[in-house]
Amino acid sequence: MTENKFPKTQVLAESALMVALSIAIFAVSDLLPWPYAYGGGFSLFGQVPVILVSYRHGMKNGLLAALVLALFEMMMGYKNFTYVAGIAAYLVVALADYIIAFGCLGLGGMFKGKFGGNQAKELAVGGAVVCVIRFICHFISGVTVWKDYCPDGMAVALYSFVYNGSYMAIELILTVVGLIAVGKIFNLSKKKMV
């Protein structure tokens, strides 16, 4: 598995297009009325393009693309910082809800070549793993920073698990389905996929 078999300009152009596509999908998804009163929600395949960068062009390029997406998501969620106080809370929100949570999407290509070249399976497993990592990030943020939003009498860990798990489970399913479809339709190893 060679990470840099594509010309640098092609990698840069494809990465930029995929990040722009992810940003557009997340922006449109944010306009839909989700039942999540305190933030969170799922996208309609918004993670797929960045995971494809990681799979097609290597994790280094995937992590760079994911960082750009993470910074965009943090700018779009700037109002969340107004609900917290203290440097520790700001850091947890910045890292756990944005930088690490979305940055981990760049690891989505970690299983390339691990299942005998079965693109769909490699993408699906990579997508599932990064969704679990992203859920863990949001869970940690929920039990440390957002614990005050937990209903009275409910364990904070249970609340964070249910709240964050409810949308991340849907995100995981949509991401895996999208990646399987792409993996079965396109040959991601070729310079031109179609």
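Student: Which residues form the nonpolar patch on the surface?
Tutor: Keep in mind that this is a predicted model. The patch is made of Leu-32, Leu-44, Phe-45, Ile-173 and Val-177, and together they have about 410 Å² of accessible area.

Student: Take Ile-173, where is it, and is it buried or exposed?
Tutor: Ile-173 sits in helix H6, residues 156–185. Its relative accessibility is 52%, so it counts as exposed, the cut-off being over 50%.

Student: OK, switching to charges. How many salt bridges are there?
Tutor: The count is 2. In one of them Arg-56 pairs with Glu-14, with the closest N and O atoms 2.7 Å apart. Arg-56 is in helix H2 and Glu-14 in helix H1, so this pair ties together parts that are 42 residues apart in sequence.

Student: Is Arg-56 buried or exposed?
Tutor: Buried, because its relative accessibility is 4%.

Student: And what does Glu-171 pair with?
Tutor: With Arg-134, at 3.7 Å from N to O. Glu-171 belongs to H6 and Arg-134 to helix H5 (residues 119–144), so that bridge links parts 37 residues apart in sequence. Both Glu-171 and Arg-134 are buried.

Student: New topic: what do the buried residues of H3 pack against?
Tutor: Helices H1 (8–31), H2 (48–57) and H4 (87–103). The buried residues of H3 include Asn-61, Ala-65, Leu-69 and Phe-72.

Student: How far apart are the end C-alpha atoms of H3?
Tutor: They are 25 Å apart. H3 has 18 residues (59–76), so at 1.5 Å a residue it should span 26 Å, which agrees.

Technical notes: Residues numbered from 1 in each chain as written. Predicted model: local features only at pLDDT ≥ 70, side-chain atom pairs only at ≥ 80, totals over all residues. Heavy atoms only, no water. Helix = DSSP H or I, 4+ residues; strand = E, 2+ residues; numbered from the N terminus. Expected span 1.5 Å × (residues − 1). Buried < 20%, exposed > 50% of the residue type's maximum accessible area, 1.4 Å probe, protein only. Contact = heavy atoms within 4.5 Å. Patch = residues over 30% accessible without salt bridge, like charges linked within 9 Å, V, L, I, M, F, W, Y side chains within 5 Å. Areas by Shrake-Rupley, 256 points an atom, 1.4 Å probe, with all protein chains shown as cover. Salt bridge = Lys/Arg side-chain N within 4 Å of Asp/Glu carboxyl O.
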